[in-house]
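I opened this notebook to record, step by step, what I looked up in a structure that was new to me.

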Amino acid sequence: MKHRILFVDDDAMVLAALQRMLRPMRSEWEMEFLDSGAKALQRMREQPFDVILSDMRMPGMNGVELLQQVMANHPRTVRLILSGQAEPDLILKCVGVTHQYLSKPCDADTLKATIARVTCSRLQEAHEPVRTLVARMHRFPSMPAVYLELTELLAREDATAEQIGLVMSRDPAMTATILKLVNSAFFGLRRAVTCADEAAAYLGVDLLKALTLAVNVFSQFDSAPVPGVSVDGLWVHSMAVAVTARRIAQWEGVPMSVANESFTAGVLHDAGQLILVSSFPKEYAQVPRLIQSNGLSEREAERLVFGASHVEVGGYLFGLWGLPEPVVTAIALHDRPGLSPERRFGPLTTVHVANALVREASAIPAVVTPPPVDEAYLREIGLLDRLPAWRAELTTPSTPFSSDACEHPDPPSR
Ligand SMILES: [Fe+2]
Ligand SMILES: [Fe+2]
């Protein structure tokens, strides 16, 4: 069955250009092009759409207002927005209503790749229970505007540290949280970092971007009123897994990009749990009970209660956000790396191992017993003999994040 995509833009020229640009996709997508939010809502009442891509600035009903209504009335439709550079205020209003931003001008390849990714049938099937679950949520995190701006900035070769600082300064609360984090024991920097451009110079912009995503997701959800589940604990665990995964990658001498993807996937790997716990506290309370009384694994208990686990929720969210494929795979399979068709060292390996080893070394009570290291998987990729060395390194008292005695940063809040 063809996927149904709805394009909304008040500018007839833009619509015509989109139509021309996407003509080769007609065999795969059923596309409709409308020039106002009101017409789009009317059409959606008649027939469901898989994806809506709306312009931001439109007379009458703007893109944010349109997507708010789509979210309320057609929660299963993927919501994308096209926005111009000069609209940072409106972009901030999109938080919570948009799955992904695309910036104008958007070339045909980016547009096709984005839509292909969110409509990929294999993903859609795997995500069916998650989509049903997400449809029940009052809010679902959307990508922070700062992340998008940093990504755009980095695509330009002449980006400077000052420009990075300028972008970060648009979100002072986030920047303050990130600086606090950067100066915490996790990073073990020798001197205090006081501004965003310095943080970018020390950590690299990829890590800065990863932190903007994590701070954004964690700050959208307050402490969960679920006995036995600690959001603070989850934050500390996520940071520890991120730093550990990156170190494992560095020890194995892989390119820096793999080490940085390991960090990104590590800091986000359990975000799905945060979303589940915060959105459905009463239902989530059954999960620890089921694990204890019925001996189920975390995944089994979550699936029994919600039809999907935190791993799948995370994979779905970050897939929608268009994060790099190795990062999404590492998040989506971090508890079962053997399911990946790939048998080579990468972020999936580092995050899986780091998750198990950090839990082993932690004195902070976990929600549940962590899944053990999948030794069969490590054997298949020829790295099982490295496990004792990684474990020994990470449990050495000199490594700050392996010890719960170190000063942990507070989880982000606004
Ligand atoms: Fe997990
Ligand atoms: Fe974890």
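Entry on confidence. I noted at the outset that this is a predicted model, and I looked up its pLDDT, which averages 82 for the protein, with 86% of the residues scoring at least 70. I then turned to residues 398-409, where pLDDT stays under 50 and for which the model has 26 contacts beyond four places in sequence. Where pLDDT is low, the predicted coordinates should not be read in detail, and I leave that stretch there.

Entry on α8 and α9. I looked up how helix α8, residues 145-155, lies against helix α9, residues 161-169, and found an angle of about 165 degrees with the axes 9 Å apart. Because angles over 145 degrees count as roughly antiparallel, α8 is roughly antiparallel to α9. I recorded their crossing as right-handed. On the α8 side I listed Val 146, Glu 149, Leu 150 and Leu 153, which meet Gln 163, Ile 164, Val 167 and Met 168 of α9.

Entry on α14 and α20. I next looked up helix α14, residues 256-268, which packs with helix α20, residues 325-332, at an angle of about 40 degrees, their axes being 9 Å apart. The crossing of α14 and α20 is right-handed. From α14 the contact draws on Glu 261, Thr 264, Ala 265 and Leu 268, and from α20 on Pro 326, Val 327, Ala 330 and Ile 331. I counted six nonpolar residues, one polar and one charged in the contact of α14 with α20.

Definitions and conventions
Residues are numbered from 1 along each chain as its sequence is written. Chains are lettered from A and ligands numbered from 1 in the order in which they are written. This is a predicted model: local features need pLDDT of at least 70, side-chain atom pairs count only at pLDDT 80 or more; totals for chains, interfaces and linings use all residues. pLDDT is the predictor's confidence in each residue, from 0 to 100. Two residues are in contact if their C-beta atoms, placed from the backbone, lie within 7 Å. Axes are lines fitted to C-alpha atoms, for helices over the stretch in contact, and angles run from 0 to 180 degrees between N-to-C directions. Helices (H or I, at least four residues) and strands (E, at least two) are DSSP runs, numbered from the N terminus. A crossing is left-handed if the near helix is turned anticlockwise from the far one by less than a right angle, and right-handed if clockwise. Ala, Val, Leu, Ile, Met, Phe, Trp, Tyr, Cys and Pro count as nonpolar, Asp, Glu, Lys and Arg as charged, and the others, Gly among them, as polar. Angles under 35 degrees count as roughly parallel, over 145 as roughly antiparallel, 65 to 115 as roughly perpendicular and the rest as oblique.
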